[in-house]
Amino acid sequence: MKRILLLGIIAFLALVAFRNDENFKVPNGWPKPHYDFSKNPPSRAKIELGRALFYDPILSRNSTISCASCHSQYTAFTHVDHALSHGIDDRIGTRNSPALMNLAWSKDFMWDGAVNHLDMQALAPMSNPLEMDETISHVIHKLSQTSLYPSIFRAAYGDTTITGERMLKAMSQFMLTLVSAHSKYDSVQLGQTHFTAQEQNGYHLFQDKCNSCHTEPLFTNYQFENNGLPLDTSLMDYGRMSVTKQASDSLKFKVPTLRNIEFSYPYMHDGRFKRLRDVLKHYTTIRQSGTASNKLQPMNFTSNEMVDLTAFLLTLTDKTYLFDTAYSYPKYLFSTQAKD
Amino acid sequence: MLFLKSIVVMLLLLCLSAANAQQERSDFQLNFLPFVGSVPLQLDTIYTLDNNQTIEFSTVKWYISGVEVLRNDSIIFTKKNSYHLLDASNEPSLHILLAQLPAGQGTHVRFYLGIDSATTTSGAFGGDLDPTRGMFWTWQSGYIHTKIEGKCSRSRGRNREFEFHLGGYRSPFNSLQTITLPFPSSREVIVKMDVLKWINSIDLASVHHIMSPGEQAVFLSQQFSSIFRVEAR
C-alpha cells in the first residue's frame, strides 16, 4: 500500500516537473534565470491569460493601445520604424520601445532600470499618459465587466477573482515564455552548423571589441553604461541618473541585447540610428568623455570589418522566435468574445 | 512493547501541555489613532490653528510592516505576513491584531514604517500590497509608504494644496524607518500619531509636493516616524 502511494507521489512529481519543463526551459549553456519561478509557478492557463492581456487594448484608457502596439512580435517585440514610440492619441513618448526577449534573465527593466521586477513592468506603460493613460484599478474593473476575463482568470487561478497581483503575474508568465535561443549563432554553438568565413571574422571582431558589454550568450551584461552618445538636448534624457540621482550614472542606459538586432531598428534608447552601419560608425569614432564606460575603446573598424561584423550580427536573428504562433495574437480567445 | 511506547508518548504529551499552560497566551491589538494636535483626525475637515491658519487632510495612508514584540532585546513574537496599509478613511484598517501573544511578557513593540527593500524588489503581491491599492509607484518601482494630501493656508502650492508621497528603497535614499515603542500591559495598545506635529516640521511655503524618492523624502520619513507615541497606562 505504502509503495503504491510512494509511486503515485513520484509519478505526480514527475508529471509536474515535466509540465514546468514544458512551460519554461533554460537553453543549453545559458545562466540561471534571475526571475524566481517559485513565486509564480508557470502554468499553461496563466500563460494564456497573460498572452490575452498582452494583446488586449483594454489596458489603455480608450481601448486603442495594447502592449503589442509598441511590442510587435515580427520585429522581436519592439516598435519598428519609430525612433520614439507613440502611444495613445498619437502622443509621442521619450524613448524607443525596447525589444522584448529573454526577460527571465533581466534584473531591471526600462532603459534606465526604473522598474525593478518583471511583475511590475506593465504598470509603467499602463499609467504613462503618453502610452496607455490608464490605472490598473480601472483596468481590473473593466476586465471584470467582460464575458471573457472572469472565465480565463478562473481557468488560471481557480476562481473568477481579478486582482492586480493575479493580472501582473499572469502577464509575467507570458513574457517569461518569450525566449529567443534559436538563431544561427545558437546552432553554431551547438555544433549543428558553421559560420561562413565572413561571419567567423565578424565573430572574432565582436569578441574582441563588443563582448565586454554585449556578453554572450544573452548579448548583454545587464549593466548600465554610457556608450558615448551625446545628450539629445531636446529630450534631456540622462538615463540611469534619473533613477539613482547619482551624477556618476549620468547618461547611462541599460545595455540592450543584440539578439534579433536585424529587426529591432532603429537603435539606441532614443532610436537615433536607423541602420546598423550608423551604430558601427558611432563606435568607430567614439571618444572617451564624462561617465563613458571604461570598457569603451576607439574601435577603428575598417569598412571591411564593418561588413564582417554586420554579417555576424545577422546570425543573431531567430526566425522561429519572430513567427512562433505561441507568442502571437490569441485569436482563439478574442473570437469567442466577439460573438457574445 | 507497544503499550510501553504509548505510555511514554502520553507522558510526553502531558508534559508539553503543562508547559503550554504555564505560558498563557492572549490576543492583543495595536490601534493607530491619527490626531491633529489634541483632537482625533477627521478627513476633509478644516481645522483652525494658531494665527488663523487652516489645515485639512484629504488622504492619510501609511504602511506598517514586520510587526514584532520584544522582551527587552529578544523577539518573543513575530507577526506573520505582516504588511498593513493603514488608511484614515477606512477605520478597520487602523487595527492590527497580534494573535496569541505570550501574555505579560512584552516590553516593546517594533515595526517598520514602509516596506523593506527585499519585498519591494520581489514582484507583485496581493492583499494590502496589491498595486491596485494606489501605493506603488508605476513610473519607478517602489512602494509609497506614506501618502498625505490636503490643503493648508501656509502652502504656496496650487489651491494651497500639499501632496506628500514618501518612499524610496534604494541607497542612499532608503526611506524605510524602524519604530520601537514601549509595549504596555493592556491588550488594547493605543498608538497616537499627531499628524499636525509632522506637518509643522515642513516649510509648506517652499515644500508642498514631494512625489519621488530623495533626500527630502528620507527626511520627511524620519520626521513622520517620530510622531508615533504609545500612551503609558
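I began with the meeting of two chain A helices: Gln198(A), Glu199(A), Asn201(A), Gly202(A), Tyr203(A), Leu205(A) and Phe206(A) in α10(A) meet Glu305(A), Asp308(A), Leu309(A), Thr310(A), Ala311(A) and Phe312(A) in α13(A). Contact here requires C-beta atoms, placed from the backbone, within 7 Å. I sorted the residues of this contact into six nonpolar, four polar and three charged. Nonpolar covers Ala, Val, Leu, Ile, Met, Phe, Trp, Tyr, Cys and Pro, charged covers Asp, Glu, Lys and Arg, and polar covers the others, Gly among them.

I noted that the model is predicted, that local features need pLDDT of at least 70 and side-chain atom pairs pLDDT 80 or more, and that totals for chains, interfaces and linings use all residues. Residues are numbered from 1 along each chain as its sequence is written, while chains are lettered from A and ligands numbered from 1 in the order in which they are written.

I looked up the geometry next. Helix α10 (residues 197-209) of chain A packs against helix α13 (residues 303-314) of chain A at about 95°, the axes being 7 Å apart. Axes are lines fitted to C-alpha atoms, for helices over the stretch in contact, and angles run from 0 to 180 degrees between N-to-C directions. α10(A) and α13(A) are therefore roughly perpendicular, a label for angles of 65 to 115 degrees.

I then took a second pair. Helix α2 (residues 44-55) of chain A and helix α8 (residues 164-176) of chain A pack at about 95°, with axes 7 Å apart. That makes α2(A) roughly perpendicular to α8(A) as well. On the α2(A) side I listed contact residues including Ile47(A), Leu53(A) and Phe54(A), and on the α8(A) side residues including Met167(A), Met171(A) and Phe174(A). This contact divides into nine nonpolar, three polar and two charged residues.

I turned to chain B. I found four helices and 14 strands in chain B; helices (H or I, at least four residues) and strands (E, at least two) are DSSP runs, numbered from the N terminus. Of its 233 residues, 36% are buried, meaning 20 or more other C-beta atoms within 10 Å of their own. Among contacts in chain B between residues at least 6 apart in sequence, 75% join residues at least 24 apart.

I checked the interface: 17 residues of chain B contact 23 residues of chain A. The chain B side has six nonpolar, nine polar and two charged residues.

Within chain B, confidence is lowest in helix α1 (residues 2-22), mean 54, and highest in strand β6 (residues 83-87), at 98. I recorded ipTM 0.83 and pTM 0.87 for the model.

Notes
Buried ≥ 20, exposed ≤ 12 C-beta atoms within 10 Å, placed from the backbone. Parallel < 35°, antiparallel > 145°, perpendicular 65-115°, else oblique. pLDDT = per-residue confidence, 0-100.
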